[in-house]
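Work through the exercises below with the structure in view. Try each task before reading its solution.

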Amino acid sequence: EREARRGGGPGLRLSVAHALRNAGEERQALALLEAMQRDFPREVQVWLAHARALVGIERYAEAERSVQQALRVNPGDPEALKAQAVAALRRGELARARAHVEEVLRVDPVDEEAQLLMAELDASLEEASPAGEGPAFTMAGLYAGSMRHTAERNAGKPDTGRARLPEHRQA
């Protein structure tokens, strides 16, 4: 962690925070991510990682505020919009969730996570789920997909120490 703090960008520190979360050290990861928010307030991936750590300790309202900050930094960010959709779905706000997913699909009609989320929304509308059963998607799972998507998109590119914003494709 000390070595990560000396690096110029958030990349290595984000990796340390993810490793801490994977080791079950959410509170330690959260402390690192909060420091990173001060150091890198314009980095979307820092805000999304912070939200994921908050979800890990079941602080959902705070997690959603971090996702909202990611959207202030990069309006229309598809990963943040999908996270907002999942949060809305968890609260039963199906129309709001659908609006977020539709916005993602307008920018990237082949976004697999958005397509799956839309299918989940369609299924929620068609049949009421049994009491106590939540949606198949979770914010934590969606964030994991976000990091996998970012890693795949950046594979083979030199690490500049800066998180890259999503590349939008035209429909």
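**Exercise 1.** Describe the largest nonpolar core of this predicted model.

*Solution.* Start with the count: the largest nonpolar core has 40 residues. Then list the elements that give two or more residues to the core: α2 (11–22), α3 (26–39), α4 (44–56), α5 (60–73), α6 (78–90), α7 (94–107) and α8 (112–126). Last, pick out the top contributor. That is α4, with 9 residues.

**Exercise 2.** Which residues does M36 contact, leaving aside neighbours within four places in sequence?

*Solution.* M36 then touches P10, R13, L14, P41 and V46.

**Exercise 3.** Decide how α6 and α8 are arranged.

*Solution.* Take the geometry. The angle between α6 and α8 is about 20 degrees, and their axes lie 11 Å apart. Angles under 35 degrees count as roughly parallel, so α6 is roughly parallel to α8. From α6 come E79, K82, A85, V86 and L89. From α8 come E113, A114, L117, E120, L121 and S124. Finally, sort the residues of this contact: 6 are nonpolar, 1 is polar and 4 are charged.

**Exercise 4.** Summarise the whole protein: how many helices and strands does it have, and what share of its residues is buried?

*Solution.* Count the elements: 9 helices and 0 strands. Then turn to burial. Of the 171 residues, 46% count as buried. Finish with sequence separation. Among contacts with a separation of 6 or more, 54% come from residues 24 or more positions apart.

How values were computed. Residues numbered from 1 in each chain as written. Predicted model: local features only at pLDDT ≥ 70, side-chain atom pairs only at ≥ 80, totals over all residues. Heavy atoms only, no water. Core = buried A, V, L, I, M, F, W, Y, C linked by side-chain atoms within 4.5 Å. Buried < 20%, exposed > 50% of the residue type's maximum accessible area, 1.4 Å probe, protein only. Helix = DSSP H or I, 4+ residues; strand = E, 2+ residues; numbered from the N terminus. Contact = heavy atoms within 4.5 Å. Axes fitted to C-alpha atoms, helices over the stretch in contact; angles between N-to-C directions. Parallel < 35°, antiparallel > 145°, perpendicular 65-115°, else oblique. Nonpolar A, V, L, I, M, F, W, Y, C, P; charged D, E, K, R; others polar.
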